[in-house]
Amino acid sequence: MGKITALKSVKNNIRRLVMDRLKEIESRKSEIKSQLETLKDVEEVRKLNEEVDALNTEETEIKEAQERDETAKELEEDSSKAKEIEKEEERKMEKKKFNLSSPEYRSAWAKKMMNLSEDKFTEDEKRALGDAVITTSTEFVASTENVQGINNGGLFIPTSVRNDLMELISKQSPIFNDVRKLQVAGNIDLPYLFAADDANWYTELNDTKNEGIEFRNMQLTGWELAKDIVITWKLEEMAVDSFIDFILDELANKMGTALINAVIYGDGENKPTGVTNSLTAITDGDTAIDRILNTYKGLSDDARIGAKVYISTNVNLEVVSYKDKNNNYPFLAGVPSVSGFSIVVDPYLKNDDIVAGNMRNYILNEVVTPRVEKERTVKGRKVTYGGYAIYDGKARPNYFTLGRKSTSTGE
């Protein structure tokens with residue numbers, strides 16, 4: 001530290017001497033200017049002009065030297081800043097952690113599932129796979145660029161793929177799209193308001209009555225949902241993006257169908273309890289329009305808030321093919337618009353089923369997010385991808401109604 005302090009002191013002294021010399025030059029040039037105004041001797045004038053030229057030359061050299069010093073100082077500072085920025089980027093890369101939402105993990109997941117060789121992975125993909133994969137190994141191995149854990153427990157589906165999967169499923173079923181979805185890893189108790197006194201009007205200074213409120217609990221546990229996707233070795237040799245699209249389509253078709261059917265018709269035995277479970281069907285009405293209206297009328301005033309009416313494809317066909325007394329088809333353009341609630345066709349509703357209610361009063365909990373296990377067999381040259389997840393769901397009691405034809409048994 002002593003040498004650095006001494007060096008700074010020398011530099012400061014030099015700067016001070018240079019500034020003093022510039023002041024001396026300016027002062028001497030002012031003196032000469034005054035002398036030239038009154039001086040008559042030609043020889044003396046010549047000498048003073050020569051001195052001014054010398055002073056100007058010295059002043060220019062000093063200022064140029066100062067400019068060079070400033071430029072060197074700025075370059076040194078810029079170089080120091082560049083090095084600091086580079087070090088900061090290195091620190092960020094060291095601290096960067098990958099998770100299931102990382103794009104690097106999405107591509108690494110697909111490559112890993114396809115058994116691609118290690119040279120097909122980027123360094124970030126290797127680190128992402130090591131950071132994000134949870135294994136059943138009892139021995140922990142820290143993740144580095146060149147070391148990744150052995151996947152004994154299966155690869156979790158990346159967050160972006162899971163979101164795409166849920167979006168595909170939701171597009172298939174308006175009922176599933178509208179239900180309230182949670183992601184709580186475990187059993188949950190959801191209290192809900194079962195009954196309460198209405199508010200009353202009072203005159204000034206009169207005390208309000210204690211309100212009677214009854215709460216009840218909705219308990220959700222979890223049921224395993226599993227489906228296999230079997231493909232050939234040849235099909236597995238696809239590009240990464242095509243592979244992800246294929247897996248998404250297959251999972252949406254298989255697991256999605258099972259999940260939607262459980263949300264609508266599940267009996268609660270090893271599966272979620274469906275929205276129609278335990279509902280007594282309303283069969284009043286000679287036409288589809290009559291049954292739609294009567295099903296909606298079966299809702300209480302509170303249950304009608306935000307409610308929609310969901311109809312099956314058969315009911316929709318019956319509405320569209322309705323013929324009036326003049327042999328006209330007034331509803332060929334589709335289900336008529338009804339003031340106060342929407343009518344939506346859900347292809348997963350069976351036979352002549354109609355469901356009315358606000359699907360926000362149905363809770364679907366994703367206890368364990370989807371993951372994929374892989375099994376490769378030589379015989380038949382096949383690869384089995386097993387999709388797995390845990391769900392549970394229930395409807396708030398007395399907030400939904402079911403409508404059917406009197407002759408329809410449903411499934």
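**Cores and salt bridges**

Leaving aside residues up to four places away in sequence, isoleucine 292 touches Val309, Ile311, Val315, Val319, Ile343 and Ile354. The model is a predicted one.

Ile292 belongs to the largest nonpolar core, which has 54 residues. Ile292 is among the members that touch the most others, along with Ile175, Val309, Met359, Tyr362, Leu364 and Tyr385. Helix 8 (residues 240-265) supplies the largest share of this core, 11 residues. In soluble globular proteins, nonpolar side chains tend to be buried together.

Charged side chains come next. Side chains of opposite charge can pair when their charged atoms come close. The model has 11 salt bridges. One of them joins glutamate 58 and arginine 21, at 2.7 Å from N to O. Glutamate 58 lies in helix 2 (residues 42-95) and arginine 21 in helix 1 (residues 2-38), so this pair ties together parts that are 37 residues apart in sequence. Glutamate 58 is partly exposed, at 27% relative accessibility, and arginine 21 is partly exposed at 29%. Arg21, Glu24 and Glu58 form a network of salt bridges.

Lysine 29 and glutamate 59 also meet in a salt bridge, at 3.1 Å from N to O. Lysine 29 is in helix 1 and glutamate 59 in helix 2, so the pair links parts that are 30 residues apart in sequence. Glutamate 59 counts as buried, at 9% relative accessibility, while lysine 29 is partly exposed at 21%.

Glutamate 31 and arginine 28 are 3 residues apart, so about one helical turn separates them.

Notes: Residues are numbered from 1 along each chain as its sequence is written. This is a predicted model: local features need pLDDT of at least 70, side-chain atom pairs count only at pLDDT 80 or more; totals for chains, interfaces and linings use all residues. Side-chain values use heavy atoms; hydrogens and water are left out. A nonpolar core is a set of buried Ala, Val, Leu, Ile, Met, Phe, Trp, Tyr and Cys residues joined through side-chain atoms within 4.5 Å. Buried means under 20% relative accessible area, exposed over 50%, partly exposed in between (1.4 Å probe, protein chains only). Helices (H or I, at least four residues) and strands (E, at least two) are DSSP runs, numbered from the N terminus. Contact means heavy atoms within 4.5 Å. A salt bridge is a side-chain nitrogen of Lys or Arg within 4 Å of a carboxyl oxygen of Asp or Glu.
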